[in-house]
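Dear colleague,

Please find the structure below, followed by a summary of what was found in it.

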Amino acid sequence: MSQGTAPRCPICGNANWHDRGLPECTHCGLAVVDLAFDPDQLRTAIADYLRGRSSERGFTLAPHARRNAAWALGLIDGWPVIPRPHGVTLGMIARAGEADTIATMLADLRPAFPHAIVLLDGTPADAAALAERTPWAQIVAHPLNGDFAAQRNRVQALASGWVLQLDTDEWPDAALLASLGWLTHAADRDGLQSLGLPRRNWVDGVQSALWPDIQYRLNHAGIRFAGTVHERPVVPFERTSLALAGAIDHHLSRSRVVERSVVYEAMSTGAGRPSDEAALLRPFAAAT
């Protein structure tokens with residue numbers, strides 16, 4: 001079932017469904033009896049089920065879908081989540097020419113993270129200059145050399161514990177920042193190593209149809225990425241989960257979307273992803 005012909009999932013917001021015995025969300029795994037559901041009523045029914053107040057009615061949740069839904073609804077074992085402090089490291093890969101943007105981001109996010117690591121596609125002199133402006137962060141330089149996974153892995157290797165990797169055009173929303181403590185605590189309890197975060201894309205200030213655009217950016221430091229473009233962590237599925245308790249906001253211009261597709265395609269055949277470009281350039285409302 002293609003985007004635009006079905007309602008969005010009431011748990012993760014995805015508009016694509018597997019055409020199976022029961023329609024199943026292709027992202028979070030929620031299966032529904034009928035796609036003609038009322039989103040608010042279905043979310044309430046799922047929350048009641050997860051709290052042990054009712055049985056599954058009008059939907060089913062596989063084990064991984066149960067956790068996806070519970071975290072999205074702010075529940076762990078049927079109880080409301082408890083805010084916790086966290087030790088998550090902020091990781092960033094960026095170009096040396098973005099020093100002003102990086103310095104501003106680090107200053108604004110300093111209260112939210114105990115440590116930050118920035119890997120510059122630049123020279124040691126570039127790193128030293130930025131380090132003088134942001135003494136609380138660890139600034140390192142290494143050429144990108146056309147390999148985003150290798151660059152992210154260099155950040156991972158410098159960190160310990162959990163690492164949230166962001167680009168300079170991304171920002172964690174307030175809900176995500178408030179959830180990092182309990183999310184990583186719950187993930188440690190469940191033996192997880194990689195969490196997929198929703199990314200909300202804004203093109204020239206308008207939210208795009210590409211939602212939830214899951215990005216596996218919250219990972220244990222020991223996890224490594226693969227793929228020169230559209231890099232993803234190498235980790236068994238059972239060690240992963242969606243973390244739908246907040247989102248990354250991603251700000252782009254229309255020209256950047258088009259330019260990026262061309263550049264990515266040149267780096268790796270198929271990486272231009274014309275379907276993603278089309279969804280990015282289509283307003284969110286058009287996909288509902």
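A nonpolar core is taken here as a set of buried Ala, Val, Leu, Ile, Met, Phe, Trp, Tyr and Cys residues joined through side-chain atoms within 4.5 Å, where buried means under 20% relative accessible area (1.4 Å probe, protein chains only). The model is predicted: local features need pLDDT of at least 70 and side-chain atom pairs count only at pLDDT 80 or more, while totals for chains, interfaces and linings use all residues. Residues are numbered from 1 along each chain as its sequence is written, and side-chain values use heavy atoms, with hydrogens and water left out.

The largest nonpolar core holds 35 residues, among which Trp-71, Leu-106 and Leu-195 touch the most other members. Elements supplying at least two residues each include strand S7 (89-95), helix H3 (99-109) and helix H6 (174-189); helices (H or I, at least four residues) and strands (E, at least two) are DSSP runs, numbered from the N terminus. H6 gives the largest share, six residues. A second, separate core of 28 residues includes Leu-30 and Leu-244.

Seven strands form an open sheet of mixed pairing, in the order S9-S8-S7-S10-S15-S12-S18; two strands pair if DSSP finds at least two bridges between them. Strands S9 (138-141) and S18 (240-242) each have a single partner strand, so one side of each is left without a neighbour in the sheet. S8 and S9 pair in the parallel sense over four bridges, and the bridge partner of Val-118 is Ile-139 in S9.

Yours sincerely

How values were computed. Buried < 20%, exposed > 50% of the residue type's maximum accessible area, 1.4 Å probe, protein only.
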